[in-house]
Amino acid sequence: TGTAIELGRWMLHVMAEAEKWVYGNGHFSLPVVNGALSLLCIGLSAGLMADYFSLRSRKHCALLGGDMAVFPAVTSLFGFMYTVHYYMVALLMVTGGSILFCGDGSWWKKLLGVLLCGCGIGT
C-alpha cells in the first residue's frame, strides 16, 4: 500500500503544479472554473463510455451523461468544490484506462491503461 500512497501523492503534486501553471498561483479558489472543468471531465468520460459501448441514440447518450453527473457520490463531491476537479480528472483517467485495458489492442495499450487506472485510483 505504500507504493499506491506514493503514487497518489505524486499524481496530486503533478496536478497541483499543472494548476499553478494554468492559473498562475494556487492561493485562490475558482469554484466556477473548478465546476466547469469537473463537468467537462464528466462529459468526456460519458462520451468515452458511449463510444466504447456503441451507444448511437442521442437519448441514451444524454441519459448516460446525466446519470454520471447526478450520481449521488459525484454530487456529494461538489460540496468540496476546491478538490472536485482533481477527482473528476481521476474519473477521466480511470475511464480512459479501463477502455484501453479492456479494448482490443497491443500490449502497450494495455500497459498504458493499467498506468492510467493506477494514477486515477491513486488520485
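Phenylalanine 78 sits in the loop between helix H4 (72-77) and helix H5 (84-102). Helices here are DSSP runs, H or I, of at least four residues, numbered from the N terminus. A word on the source: this is a predicted model, where local features need pLDDT of at least 70, side-chain atom pairs count only at pLDDT 80 or more, and totals for chains, interfaces and linings use all residues. Residues are numbered from 1 along each chain as its sequence is written, and side-chain values use heavy atoms, with hydrogens and water left out.

Back to phenylalanine 78. Its relative accessibility is 22%, so it counts as partly exposed. The cut-offs: buried is under 20% relative accessible area, exposed is over 50%, partly exposed is in between, with a 1.4 Å probe and protein chains only. What does phenylalanine 78 contact, leaving aside neighbours within four places in sequence? Gly35, Ser38, Leu39, Ile42 and Val84. Contact means heavy atoms within 4.5 Å. Glycine 35 is 43 residues away from phenylalanine 78 in sequence, yet 7.7 Å away in space, C-alpha to C-alpha.

Next, the core. The largest nonpolar core has nine residues: Cys41, Ile42, Ala46, Ala50, Leu64, Met68, Val74, Val84 and Met88. H2 gives the largest share, four residues. By definition, such a core is a set of buried Ala, Val, Leu, Ile, Met, Phe, Trp, Tyr and Cys residues joined through side-chain atoms within 4.5 Å. Take methionine 88. Beyond four places in sequence, it touches Ser38, Cys41, Ile42, Val74 and Leu77.

Now asparagine 34, in helix H2 (residues 31-52). Buried or exposed? Asparagine 34 is buried, because its relative accessibility is 4%. A polar atom of its side chain lies 3.3 Å from the backbone oxygen of methionine 81. Leaving out residues up to four places away in sequence, asparagine 34 touches Glu19, Tyr23, Met81, Tyr82, Val84 and His85.

On to charges. How many salt bridges are there? One. The rule is a side-chain nitrogen of Lys or Arg within 4 Å of a carboxyl oxygen of Asp or Glu. Lysine 20 and glutamate 17 form a salt bridge, at 3.9 Å, N to O. They are three residues apart in helix H1 (residues 2-23), so about one helical turn separates them. Lysine 20 is partly exposed, at 40% relative accessible area. Glutamate 17 is also partly exposed, at 38%.

Last stop, helix H6 (residues 107-122). Leucine 111 lies there. Its relative accessibility is 44%, so leucine 111 counts as partly exposed.

Methods:
Helices (H or I, at least four residues) and strands (E, at least two) are DSSP runs, numbered from the N terminus. A polar contact is a pair of N or O atoms within 3.5 Å; within protein, one must be able to donate a hydrogen and the other to accept it, and residues adjacent in sequence count only if both atoms are side-chain atoms.
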